[in-house]
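Welcome! Take a moment to turn the model around on your screen, and then let us walk through it together.

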Amino acid sequence: MILNGKELSEKRLAIVKSEIEKTDLKPCLATVIVGEDPASQLYVRMKHNACGKVGIRSVGVELPGDSMTEDVINAVEKLNKDPAVHGILVQLPLPRGIDTEKVIESVIPEKDVDGFHPLNNGRLFSGRPDFVPCTPGGIMTILREYEIDPAGKKAVVIGRSVDVGRPMAALLINADATVTVCHSKTQNLAEETSKADILISAIGRARFVGPEMVKKGAVVIDVGTNHDENGKLCGDVDFEKVEPIASAITPVPGGVGPMTIATLMENTLESARRHANL
Ligand SMILES: Nc1nc2c(c(=O)[nH]1)N[C@@H](CN(C=O)c1ccc(C(=O)N[C@@H](CCC(=O)O)C(=O)O)cc1)CN2
């Protein structure tokens with residue numbers, strides 16, 4: 001079965017739109033982008049487009065690539081103070097030289113719709129999640145909507161990044177899965193991944209996960225957005241070879257990526273609701 005993130009994201013966006021139409025809410029998302037990385041520009045554009053589709057106002061702050069950490073923090077602080085702005089996100093990665101952690105910590109947790117602030121991280125890891133990072137949050141929505149219950153299953157996450165691997169592991173633990181996190185120092189990676197009932201790859205290496213790494217009947221979730229040697233967009237998973245042995249699998253494009261954006265819209269609506277005490 002193909003887990004169709006594109007279709008599901010459209011369904012979720014339609015719900016956000018109709019929820020907004022039912023209220024007087026005027027949700028607003030602010031994005032901050034530093035420099036001219038084409039992928040980051042594309043993702044920010046996609047976020048503004050999604051806002052337009054669902055009726056969320058969006059404002060974009062663009063800073064030059066040679067900005068200092070303090071310049072980015074100053075921009076974030078202005079948005080923190082603006083009562084019309086409900087969600088703030090700083091597009092990652094930031095150019096080298098900028099202290100990403102300091103910037104993330106400068107977003108007030110109430111507007112942290114990316115769920116990256118240490119307070120929101122701590123809440124997630126203590127089993128009381130608030131704003132959850134959009135990619136892992138979107139993956140949990142895929143699992144829920146396709147009635148794949150992680151409880152009691154063995155889940156393996158490849159990658160321990162702060163924005164995907166770690167929060168993904170925490171969400172799966174909260175959903176009662178038995179979770180293993182693999183990374184660059186993991187020994188016998190294929191031995192670990194082949195035990196997974198749910199395998200989530202977030203390492204950013206084109207078609208790295210082959211059929212020898214996947215148990216028959218596993219659910220395979222591909223977070224990778226890579227380009228192969230011919231410049232073709234592809235995931236971490238060798239889709240053609242793994243799809244026949246998986247019970248369910250997300251494609252790239254059209255899997256996890258669109259759900260990242262849909263979850264961001266949901267988080268922004270939720271923030272606006274709280275602001276209005278709804
Ligand atoms: N502040 C943040 N920065 C980054 C995040 C994030 O959640 N918050 N995640 C990623 C990038 N990202 C969103 O920002 C993102 C990546 C991919 C997609 C997506 O829909 N991809 C499409 C393919 C698009 C293409 O043609 O390249 C797909 O998979 O179908 C959405 C969002 C890092 N930075």
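**A helix that packs on a helix**

The buried residues of helix α5 pack against helix α7. Here, helices (H or I, at least four residues) and strands (E, at least two) are DSSP runs, numbered from the N terminus. Packing and touching rest on contacts: two residues are in contact if their C-beta atoms, placed from the backbone, lie within 7 Å. Before going further, please keep in mind that this is a predicted model, in which local features need pLDDT of at least 70 and side-chain atom pairs count only at pLDDT 80 or more, while totals for chains, interfaces and linings use all residues. Residues are numbered from 1 along each chain as its sequence is written.

Which residues of α5 are buried? In this helix, residues 118–125, they are Asn120, Asn121 and Leu124. Seen down the axis of α5, these buried residues fall within an arc of 105°, so they line one face of the helix. The arc is that of the directions from the helix axis to the C-beta atoms. A residue is called buried if 20 or more other C-beta atoms lie within 10 Å of its own, exposed if 12 or fewer, and partly exposed in between, with C-beta atoms placed from the backbone. Just after α5 comes Gly127, which takes a positive phi of about 80°.

Now look for the sheet. Its 5 strands form an open sheet in the order β5-β4-β6-β7-β10, and the pairing is parallel. Two strands pair if DSSP finds at least two bridges between them. At the edges are β5 (178–182) and β10 (248–249), each of which pairs on one side only. Strands β4 (residues 154–158) and β6 (residues 198–201) pair in the parallel sense over 4 bridges. Helix α7 (residues 165–174) packs on the sheet, where it touches β4, β5 and β6, and its direction makes about 170° with that of β5. For such angles, axes are lines fitted to C-alpha atoms, for helices over the stretch in contact, and angles run from 0 to 180 degrees between N-to-C directions.

Next, the nonpolar core. The term stands for a set of buried Ala, Val, Leu, Ile, Met, Phe, Trp, Tyr and Cys residues joined through C-beta atoms within 7 Å. The largest such core has 76 residues, and those with the most contacts inside it are Ile200 and Val220. Helix α10 (residues 256–275) gives the most to this core, with 8 residues. Domain 1 (24–109) and domain 2 (134–257) both give residues to the core, so it lies between them. The domain bounds come from an automatic or database domain assignment, and the C-alpha centres of the two domains lie 28 Å apart. Leaving out residues up to four places away in sequence, Ile200 touches several others, including Ala155, Val157, Met168 and Val223.

Most residues other than glycine have a negative phi, and most peptide bonds are trans. A cis peptide bond joins Leu92 and Pro93, and Pro93 sits in the loop between β3 (87–90) and α4 (100–106). Another cis peptide bond joins Val252 and Pro253, with Pro253 in the loop between β10 and α10. Asn188 has a positive phi near 50° and is found in the loop between β5 and α8 (189–193). Is Asn188 buried or exposed? With 9 C-beta neighbours inside 10 Å, Asn188 counts as exposed.
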